[in-house]
Amino acid sequence: MNSAVKVVSYVNKLNKSILIHCSDGWDRTALISSIALLLLDPYHRTLEGFIVLIEKEWVSFGHKFEDRLGHGNSNFEDDERAPVFLQFLDIVWQLTQQFPTKFQFSDRLLLFLSEEVYSCRFGTFLYNCEKDRVEVDFIFDYTYLF
């Protein structure tokens with residue numbers, strides 16, 4: 001959260017674009033940029049904007065859902081596992097609790113997403129990249145939710 005606030009501060013103060021890139025670019029990069037975008041742009045606090053944010057910053061960017069969540073991997077001691085996306089959802093939940101009138105969605109959406117991350121019903125959260133999702137033909141269509 002501190003890093004996202006720092007990004008927002010730089011963007012507001014300098015009125016320039018900021019490059020965010022952590023050591024490997026897969027975990028903290030998506031986390032920091034997503035939270036910064038939520039803080040900077042009210043569009044991402046709408047239902048449509050939040051879905052676009054997840055698609056852009058997490059799914060299309062190539063967050064390693066398969067490695068981080070361990071789907072299909074019985075090695076529970078794998079050091080690649082990390083609940084980074086759930087941390088993102090928790091931070092968003094904290095923000096919705098502090099500023100409920102600033103968000104067009106409720107904690108029900110966050111709970112739904114946190115359950116779907118582990119349900120394995122959709123390919124969105126099963127793979128590390130778009131190529132893998134396309135190969136198994138599991139593109140999730142969010143429009144049925146609305």
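1. Helices, which come up throughout this note, are DSSP runs of H or I with at least four residues, while strands are runs of E with at least two, and both are numbered from the N terminus. Just after one of these helices, α6, Cys 120 takes a positive phi of about 65°.

2. The structure is a predicted model, in which local features need pLDDT of at least 70 and side-chain atom pairs count only at pLDDT 80 or more, although totals for chains, interfaces and linings use all residues. Residues are numbered from 1 along each chain as its sequence is written, and side-chain values use heavy atoms, with hydrogens and water left out.

3. Helix α6 covers residues 107-119, and its 13 residues reach 18 Å from the first C-alpha to the last, close to the 18 Å expected at 1.5 Å a residue (the expected span is 1.5 Å times one less than the number of residues). Within α6, the residues Leu 109, Leu 110, Leu 113, Glu 116 and Val 117 are buried, and because they cover an arc of only 125° around the axis, they sit on the same side of α6; the arc is that of the directions from the helix axis to the C-beta atoms. Here buried means under 20% relative accessible area, exposed means over 50%, and partly exposed lies in between, with a 1.4 Å probe and protein chains only. The buried residues of α6 pack against α3, α4 (65-69) and α5 (84-98), where contact means heavy atoms within 4.5 Å.

4. Helix α3 (residues 47-60) has 14 residues, which at 1.5 Å a residue should span 20 Å, and the 18 Å between its end C-alpha atoms agrees with this. Its buried residues are Gly 49, Phe 50, Ile 51, Leu 53, Ile 54, Glu 57, Trp 58 and Val 59. After α3 comes Gly 62, whose phi is positive, near 100°.

5. The largest nonpolar core has 31 residues, of which Leu 38, Phe 50, Ile 54, Trp 58, Phe 85, Phe 88 and Val 92 touch the most other members. Such a core is a set of buried Ala, Val, Leu, Ile, Met, Phe, Trp, Tyr and Cys residues joined through side-chain atoms within 4.5 Å. At least two residues of this core come from each of α1 (2-14), α2 (28-40), α3, α4, α5 and α6, and α5 gives the most, with 7 residues. If its neighbours within four places in sequence are left aside, Ile 54 is in contact with Val 59, Phe 85, Phe 88 and Leu 113.

6. A search of the whole structure finds 2 salt bridges, each being a side-chain nitrogen of Lys or Arg within 4 Å of a carboxyl oxygen of Asp or Glu. In one, Lys 56 pairs with Glu 57, with the closest N and O atoms 2.5 Å apart; Lys 56 is partly exposed at a relative accessible area of 42%, whereas Glu 57 is buried at 11%. In the other, Arg 121 pairs with Glu 116, with the closest N and O atoms 2.8 Å apart; Arg 121 is partly exposed at 49%, whereas Glu 116 is buried at 7%.

7. Asn 15 lies in the loop between α1 and α2, and its phi is near 55°, a positive value in a residue other than glycine. Asn 15 counts as exposed, at 67% relative accessibility.
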